[in-house]
Amino acid sequence: MKPFYFAKRKLQLAPAATILVALAISTPLSAQTITTFDAPGAGTGFLQGTLALNIDPSGTIIGFSVDANNVRHGFIRSRDGSFTIYDAPGAGTAAGQGTRAYSINPSGTITGHFTDSVNVAHGYVRSNQGVITVFDAPGAGTGPGQGTFPAVSPHLINPNGAITGYYFDSAFVYHGFLRDRNGVITTFDAPGAGTGPLQGTQSFAISPRGEITGFYFDATDAVHGFLRDEEGVITTFDLAGGGTGPGEGTFGGGFTPDGGILGVLIDADFVNHGFLLDKHGAVTIFDAPHAGTGFNQGTLPWGINTNGEISGFYVDATNVNHSFVRDKEGAIVEFDVPGAANMGNWGSINPNGAVASFYFDSNNARHGFVRE
């Protein structure tokens, strides 16, 4: 059974579709424990520190640190609080270079990318035994800022070890890729994707079955969601209420347990809203209770677990970030790390409901945390 009952063409979710606006319920923060942490060697200066980016079912947290020289290093934080620091072979050692870890699957396999000494990005996969394999998508550019990016999502690797992401070609156009568990890489573009610089297709999540969702920028720089099924057939979709200007529209970002899609809708005023699109085409739009309604404010869901619980962040009316968790019934809990000046733009949640992310202190250094 396909996860969507859509025709294999662009789906325009018109106002006649079922639009459910979720009730934003602010729930008391009872029985929560927040633990903060810093990776060994993390810097303490501006935009340095520890970025916790994903948490697996066992409570293992991964991410990367930025040291005092602004070099990135991957880390693994075990449930007992102990750290493993690692660098991919070939990772550069100058400011802005180094190793980033983004996604971990239940078996402990990690993926991310590193930037080499000439600022080209390369993908890697690290086994649960610590063996690192480097890979590059066919067609990836080899100039500074180009290359292969399993990046900026906690949903890049599935339980079978298949990895998705995007690459920049030599003209700085985005293209999606799928790397199967045997290392075979397939590249693809969503229908309608633009072919100019900073246009094209970005993959953002892969399901246990191998479906991929993400978004693409068209020739006008407007954004549209897509679903690529396990056979490689791509369906594009736009939600009612999405803007049509540059950077506005529908961003696919994750999979629900029953085969739907989680994502972000950016409206014509450039306000962010969370959405859930089920396999029948029904849409739920949701916003954190205290999310702002101005330019670049609003609600940005980021992670979803196998129970349908969602984590992410929202930007309030004063442009400060705060974290939230939305349960499967739609109740939203907002929270901040005590003493944080600003919360990070991330949020990963495991099946036990533990959330891993990061926050900024008053000096704009970053620190990891886990909320259990």
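Let's start at Asn319, which is partly exposed, because its relative accessibility is 47%, and that value falls between the 20% and 50% cut-offs. Before I go on: what we have here is a predicted model, so please hear everything I say as a description of that model.

Okay, where is Asn319? You'll find Asn319 in the loop that runs between strand S25 (310-315) and strand S26 (321-326). And here's a detail of its backbone: Asn319 isn't a glycine, yet its phi is positive, near 65 degrees.

Now hop over to another asparagine, Asn119. Its loop lies between strand S9 (110-115) and strand S10 (121-126). Asn119 also has a positive phi, about 70 degrees, and again we're not talking about a glycine. Buried, exposed or partly exposed, what is Asn119? With a relative accessibility of 34%, Asn119 counts as partly exposed.

So who does Asn119 meet? Leaving out residues up to four places away in sequence, Asn119 touches Gln97, Gly143, Pro144, Gly145 and Gln146. With Gln97 there's a polar contact, side chain to side chain, at 3.1 Å. If you want a sense of distance, take Gly225: that residue is 106 residues from Asn119 along the chain, and their C-alpha atoms are 29 Å apart.

While we're on loops, have a look at Thr142. Thr142 is in the loop between strand S11 (132-135) and strand S12 (147-149). This threonine is exposed, at 69% relative accessibility. From Thr142 to Ala288 you'd count 146 residues in sequence, and the C-alpha to C-alpha distance in space is 41 Å.

Let's turn to another threonine, Thr164. Thr164 belongs to strand S13 (residues 163-168). How buried is Thr164? Its relative accessible area is 0%, so Thr164 is buried.

Next up, the aromatics. How many aromatic pairs does the structure hold? There are 23. I'll pick out a couple. In one of them, the rings of Phe204 and Trp302 sit with centres 5.6 Å apart and planes at 90 degrees, so we call this pair edge-to-face. Phe204 comes from strand S16 (residues 200-206) and Trp302 from strand S24 (residues 298-304), so the pair ties together parts that are 98 residues apart in sequence. Both partners are on the buried side of things: Phe204 has a relative accessible area of 9%, and Trp302 has 14%.

My other pick is Phe358 with Phe360. Here the ring centres are 5.9 Å apart and the planes meet at 65 degrees, so this pair is edge-to-face as well. Phe358 is buried, at 2% relative accessibility, and Phe360 is buried at 13%.

The charged end of Arg77 sits over the ring of Phe37, 4.5 Å from the ring centre. Over the ring of Phe64 you'll find the charged end of Arg100, 5.8 Å from the centre.

Last stop: the largest pocket. How much space lies in it? About 720 Å³. The lining of the largest pocket takes in 37 residues, and the ones nearest its centre are His155, Ile206, Pro208, Ile304 and Thr306. Some of this links back to what we've just seen.

Terms used:
Residues numbered from 1 in each chain as written. Predicted model: local features only at pLDDT ≥ 70, side-chain atom pairs only at ≥ 80, totals over all residues. Heavy atoms only, no water. Phe/Tyr/Trp six-rings, centres within 6.5 Å; stacked < 30°, edge-to-face > 60°. Helix = DSSP H or I, 4+ residues; strand = E, 2+ residues; numbered from the N terminus. Buried < 20%, exposed > 50% of the residue type's maximum accessible area, 1.4 Å probe, protein only. Lys NZ or Arg CZ within 6 Å of the ring centre and 35° of its normal. 1 Å grid on protein atoms, 1.4 Å probe; cavity = no way out; pocket = protein on both sides within 12 Å on 5 of 7 lines; lining within 4 Å. Points joined across faces, edges and corners; volume = space filled by probe spheres on them. Contact = heavy atoms within 4.5 Å. Polar contact = N/O pair within 3.5 Å; in protein donor to acceptor, adjacent residues only side chain to side chain.
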